[in-house]
Amino acid sequence: MTTLGLLNIGALATGLLDRPRAEAESILVRDGRIAAIGAARDTDAAHADVVIDCRGTTVMPGLIDSHCHVVLGDYTPRQKTVDFLDSYVHGGITSVVSAGEGVHAPGRPHDPVAAKALAITAAKCFANFRPNGMKVNAGSVILEPGLTEADFAEMARHGVRHAKYGFGGYGDPNDGAPEVRAAQKHGLCVMSHSGGTSIPGSSPISHEVLLHLRPDVCGHVNGGTTSLDEDGLRRIIRESEMALQVVQAGNLKSALFILRLARETGVLDRVCVASDTPTGTGVMPMGVLKSVCELASLGDLPSAEAIALATGNNRRAFRLSTGTVVPGEPADLVVCDAPSASGAQDAFGAIARGDIPGISAIVIDGEVRVARSRNTPLAKRLAAISGVAPFSGGH
Ligand SMILES: [Zn+2]
């Protein structure tokens, strides 16, 4: 049994939207899971095998990028970049959800057999491959005409838990309803493209199509990259319960409109944050952190709530098993502070001003994977780690 203790926590973001902050000076992690949160004398975190002295800084859940364009391996064919997932960990992202491996697979075939095979292959490859410890939730089947109930049952048996709609060979985007229903029936979480076309091979998906198809998640609802219009967004928010995924690679004005409307109508729990990268927008290791800062600073959303949209809300919408700081949860954690040159005094203050925080430790399943991030700015106060050398880190 190995233990990890986090001490001298100044502020804690829980990832839970209804109680996004907690007062706790320490966390004890046992065998990769959070065992106790509270006063140091109660958790005994100081006597753990590995100790992170947070030195008064902020701890939050590892960020979840619920729209990441993985294919196979740590390589993006779209931007011809290797080790991008490793780099995303340095941006505080400890889990991603595949937006459909087929979307960027070179030469992607449109037949249902290939769609099924690729999804099963990706699910099984990434179950064994964790770049810098990252949890890659892959196996997201592109819905194609001809996929049968038996296909979805087989995929579910082999670890496929997500589906993507909007890139299949449908003549009319409304035609996919049978495959969306079949995927949902077999327990897959279905995310649809929404808004204008993105790459050749995608279809424009209007609010009317979304209200007809009823996927679980309206992917990049602020545009990937072209947003739906405001009336369409109003109807989706009012007339459905679909999750609303706001992405860095979309339309920022639209993201702020969605945020405002969701708060006014009391459905902020449906809003989740993702990057929708790598795409034409680029490879963005800090994409999710940047969206958190934009929603907080431009949308006047409390920083801890903005963090919850990128963690606990993604957990719920995509049925993941990480994203909140509560006992029993996997210890996927980020230690951060205001960047050294910021006028803010801590990470919450920095996010509220729109300043990207500086990360000084990243823990996945209770293991320190990164010390000082190579991607974020230098933190004012750096966590001090004792007991073990981190897997990687530094510049
Ligand atoms: Zn996408």
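Leaving aside its neighbours within four places in sequence, Arg-33 is in contact (heavy atoms within 4.5 Å) with Leu-28, Gly-328, Glu-329, Pro-330 and Ala-331. The model is a predicted one, in which local features need pLDDT of at least 70 and side-chain atom pairs count only at pLDDT 80 or more, while totals for chains, interfaces and linings use all residues. Residues are numbered from 1 along each chain as its sequence is written, and side-chain values use heavy atoms, with hydrogens and water left out.

Arg-33 belongs to strand β5 (residues 33–38), where strands are DSSP runs of E with at least two residues, numbered from the N terminus. A polar atom of the Arg-33 side chain lies 2.8 Å from the backbone oxygen of Gly-328. Arg-33 counts as partly exposed because its relative accessibility is 45%, the class between buried (under 20% relative accessible area) and exposed (over 50%), with a 1.4 Å probe and protein chains only.

The zinc ion is coordinated by His-67 (NE2), His-69 (NE2) and Asp-276 (OD), at 2.1 to 2.3 Å; donors are N, O and S atoms within 2.8 Å of the metal (3.2 Å for Na, K and Ca), and water is not among the atoms, so sites may look incomplete. Along the chain, these donors follow the spacing H-x1-H-x206-D. His-67 counts as buried at 1% relative accessibility, and His-69 counts as buried at 3%.

Strand β8 (residues 63–68) is largely enclosed by the rest of the structure, because six of its six residues are buried.

Notes:
Helix = DSSP H or I, 4+ residues; strand = E, 2+ residues; numbered from the N terminus. Polar contact = N/O pair within 3.5 Å; in protein donor to acceptor, adjacent residues only side chain to side chain.
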